[in-house]
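Visitor: Could you take me on a close look at the aromatic rings in this model, and then show me what surrounds them?

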Amino acid sequence: MRGELDIYGIFIPALLAWAILGFMASIVVRRMLAKIGFYKYVWHRPLFDIALVVVMIGVVVMITNKLLTLSASLRSSFVSSSRSLW
């Protein structure tokens, strides 16, 4: 797992990027939940919204971890197969 992202020479912590993505995903989910009327069953909406943000950050971290692991394994299999050709 990478600790930081290099964007044009500026190092940004990976957790910050994941938190931004998780927050944006939670905004989409909150709007959908409000549209279907789910919040009338929620006791404490701000507490629920914060928990939703934490869950969405966890989902983003799991997805990016799987994608990074998959890309690393594909890259290593490609390198090992190309070495066997030479």
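Guide: Gladly, and let us begin with the rings themselves. Phe 38, Tyr 39 and Phe 48 are linked into a cluster by ring pairs. Rings of Phe, Tyr and Trp (its six-membered ring) pair if their centres lie within 6.5 Å; planes under 30 degrees apart count as stacked, over 60 as edge-to-face and the rest as tilted.

A word on the ground rules. This is a predicted model, in which local features need pLDDT of at least 70 and side-chain atom pairs count only at pLDDT 80 or more, while totals for chains, interfaces and linings use all residues. Residues are numbered from 1 along each chain as its sequence is written, and side-chain values use heavy atoms, leaving out hydrogens and water.

Back to the rings: the count comes to 3 aromatic pairs. In one of them, the ring centres of Phe 38 and Phe 48 are 5.6 Å apart with the planes at 45 degrees, so this pair is tilted. The pair links distant parts of the chain, 10 residues apart: Phe 38 is in the loop between α1 (14–36) and α2, and Phe 48 is in helix α2. Helices here are DSSP runs (H or I, at least four residues), as are strands (E, at least two), numbered from the N terminus. Phe 38 is partly exposed at 33% relative accessibility, and Phe 48 is partly exposed at 27%. Tyr 39 and Phe 48 have ring centres 5.8 Å apart and planes at 90 degrees, so their pair is edge-to-face. Tyr 39 is buried, with a relative accessible area of 12%. For these labels, buried means under 20% relative accessible area, exposed over 50%, and partly exposed in between (1.4 Å probe, protein chains only).

Leaving aside neighbours within four places in sequence, Asp 49 is in contact (heavy atoms within 4.5 Å) with Arg 30 and Tyr 39. Asp 49 is buried, at 12% relative accessible area.

Further along helix α2 (residues 45–85) you will find Leu 70, partly exposed with a relative accessible area of 47%.

Now to the strands. β1 (residues 4–7) and β2 (residues 10–13) run antiparallel and are joined by 4 bridges; strands pair if DSSP finds at least two bridges between them. Glu 4 has Pro 13 in β2 as its bridge partner. The two strands form a hairpin with 2 residues between them, and Tyr 8 in the turn has a positive phi of about 55 degrees. Tyr 8 counts as exposed, at 83% relative accessibility.

Stepping back, the chain has 2 helices and 2 strands, in the order β-β-α-α from the N terminus on. Of its 86 residues, 17% are buried. The chain exposes about 7,100 Å², with carbon and sulfur atoms supplying 73% of it; accessible areas come from the Shrake-Rupley method with a 1.4 Å probe, and for residues only the protein chains shown count as cover.
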